[in-house]
Amino acid sequence: MSGVEVKSDSFFKQLTAAIGLKKPDKRFTELKAYADSLEESVKNVLDVRKRVGLKRMQMYKLFSDLAKIFDDWSGIEPEMGDCLQGASHRFDGLAETVSGFPEQDEAQFGEPLKEYQLYGEPMRAVAKKGEIVQYECEQTEQALNAKAKAKADFQRDPNAFSFSNLKAKLFGGGPSEEKRRKEHEETVRKAEESVERAQEELASFVGQAERDMKAFHRKKRQDIKELLIADAKLQLEHNEKALSAWRNLKETFESC
């Protein structure tokens, strides 16, 4: 079977399960909704941080421009030349507090956070697989119900109309009533075994999925906590450098 055929078959199974489920398991529905929400939340955080990064780069350009302006100004102000030249150096210092910070911030916070966007699709895949397993379980249960009904109908009236009875009357040589009774019993027994296997497979899949999600949430909680703490420390370090640079600039102006 080609890759296209496999994908088509998988898509058909997912579509059939999504449409045909009589009692969708809310755990799978909630898992798909959570995957969508997780992706959207991470995307929103990254988008905001991207805008903040652009603002920082604008600040870097502003400080660099001010450093050049004050440097040029110092050349035409003999009495204030040293002061203005000092201010130019201070603005260079402010620019340095911004330079390189966005890259550092992206490597320490942005990139690790992006990994959590990648978990959405596997989660949806688990939910869709769960719906397929549940659908197949429901199908085996429906098949059992149909076979059990056929058996009950036969026990109630072995000579009731059926295609097999009609064929026997027309052509003769049909199976005896005892043989047909045993066939019904065997059919129901096999259907019961199929239901038992399907239910066990579904229970096993759901149990494993729940264990995996609990492990994921534990890891996510720890990872996000560590990322936020590290980011807060980085922001403090950056802002302390900027504060020191502004204080130096203030002292430079006061000394003029």
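**Labels and their grounds**

Reply: Go ahead; keep in mind that this is a predicted model.

Me: Why is Q235 called buried?

Reply: Its relative accessibility is 18%. Buried means under 20%, so Q235 counts as buried. Q235 is found in helix 7.

Me: What is Q235 in contact with, leaving aside its neighbours within four places in sequence?

Reply: R49, R56, F101 and D105. D105 is 130 residues from Q235 in sequence, yet their C-alpha atoms are 8.6 Å apart.

Me: What makes the Q235 and R56 side chains a polar contact?

Reply: The distance given for the pair is 2.8 Å. The cut-off for N or O atoms is 3.5 Å, so the pair qualifies as a polar contact. R56 is itself one of the buried residues of helix 2.

Me: How do you know that the length of helix 2 agrees with its residue count?

Reply: Helix 2 has 49 residues. At 1.5 Å a residue, they should span 72 Å. The end C-alpha atoms are 71 Å apart, so the two values agree.

Me: Which residues touch the most other members of the largest nonpolar core?

Reply: V42, M123 and F216, out of 19 residues. Helices 2, 4, 5 and 7 each give two or more residues to this core. Another core, of 11 residues, lies apart from it; F63, F70, L94 and V98 are among its members.

Me: What does F216 contact beyond its neighbours within four places in sequence?

Reply: Y34, L38, Y116, Y119 and M123. Of these, L38 is also on the list of buried residues in helix 2.

How values were computed: Residues numbered from 1 in each chain as written. Predicted model: local features only at pLDDT ≥ 70, side-chain atom pairs only at ≥ 80, totals over all residues. Heavy atoms only, no water. Core = buried A, V, L, I, M, F, W, Y, C linked by side-chain atoms within 4.5 Å. Buried < 20%, exposed > 50% of the residue type's maximum accessible area, 1.4 Å probe, protein only. Helix = DSSP H or I, 4+ residues; strand = E, 2+ residues; numbered from the N terminus. Contact = heavy atoms within 4.5 Å. Polar contact = N/O pair within 3.5 Å; in protein donor to acceptor, adjacent residues only side chain to side chain. Expected span 1.5 Å × (residues − 1).
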